[in-house]
Amino acid sequence: MGELDKFYKTISNLQCMIPKDHPRYESLMIRERLIEGYKMGVTALQGLIAHGRGEMFDYVLGEKSHDFALKAEKVAVALMLLSKRPVISVNGNTAVLVPKEISELSRLLNAPLEVNVFHFSKERVDRIRKYLEKFGAEILANCDAELKGLSHARRIVDRRGIYVADTVLVPLEDGDRCEILKKHGKKVIAIDLNPLSRTAMKADITIVDNIVRAIPNMIKFAKELRDASREELEEIVNDYNNKETLRLALETIRDNLTKIAEGKLREII
Ligand code: PTJ
């Protein structure tokens, strides 16, 4: 091995060692998890790019769960508890970012996890299923039904899951499936840090929050609400306006950018 090759090898080993006192430690560790997910064949390479877009929105949102996000998370839980057949859709990013948490939420809400990916191969779906099975939730991954009206691979669903679901939680969704799910008469709950995405605009409930915070928050609300009456749950859901959530998210970004421009960055992050 030449001197230069040795140097590169040392550098690439060092890159894996993120010191705990690094100011962006949490954020960098999340990236490492996605990279590990990619190496395991769970996360798509494109998932790393999608995460970068999410990070950018998280940054300008101040990397915290705002009141509008907490409200949407609570309403989402109430709606899932009211639903007859709620399902949680899981893709490659979700599987590695919150495997334990999404499995706990699935059990609390009695909503199975369904592996549903944009970058499809049956082998990949099976890998994600196997990976999630370790965390103890019911996983649907039969890929034995089709959502009419959609040409890409997210149309391939499980007959027992999204196909017959009345409410679907779709974290980190790509645009057009949300529309089709709605055309099929389903309620859609999106988790998307980008309030401008088509999914965010079309969903019934949009959680503008990082999935790594959103799911733990939803677990807390599920524990709080699981013994609530139908009337209480309906009141929570009926009081909700998704346009208002998106407006508040955009205003928060605007105000944060104004503060950043005025040199008050440390007040935000
Ligand atoms: O695993 P697959 O094959 O289903 O592929 C998954 C990706 C994410 C690659 C695919 O669905 C995709 O291309 O998605 P998009 O169209 O890039 O949309 C992903 C959305 O999720 C973007 O609007 C991001 O801002 C948002 N996002 C990314 N990371 C997070 C996030 N939202 C919440 N929490 C995050 N950590």
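Select Glu232 to begin: with 45% relative accessibility, this residue counts as partly exposed. Keep in mind as you click around that this is a predicted model. Glu232 sits in helix H11, which spans residues 230-238.

Next, turn to the salt bridges; the structure holds 19 of them. Pick Arg129 and Glu133 and show their side chains, which meet in a salt bridge at 3.0 Å, N to O. Both residues belong to helix H7 (residues 122-133), where they lie four residues apart, about one turn of the helix. Arg129 is partly exposed at 21% relative accessibility, and Glu133 is also partly exposed, at 42%.

Your next stop is Asp158 with Arg160, whose side chains form a salt bridge at 2.8 Å, N to O. Is Asp158 buried or exposed? Asp158 counts as buried because its relative accessibility is 0%, while Arg160 is partly exposed with a relative accessible area of 48%.

Finally, select Glu179 and Arg198, where the side chains meet in a salt bridge at 4.0 Å, N to O. This pair links distant parts of the chain, 19 residues apart: Glu179 is in helix H8 (residues 175-183) and Arg198 in helix H9 (residues 198-202). Colour by accessibility here, and Glu179 comes out partly exposed at 29%, with Arg198 partly exposed at 48%.

Definitions and conventions
Residues numbered from 1 in each chain as written. Predicted model: local features only at pLDDT ≥ 70, side-chain atom pairs only at ≥ 80, totals over all residues. Heavy atoms only, no water. Helix = DSSP H or I, 4+ residues; strand = E, 2+ residues; numbered from the N terminus. Buried < 20%, exposed > 50% of the residue type's maximum accessible area, 1.4 Å probe, protein only.
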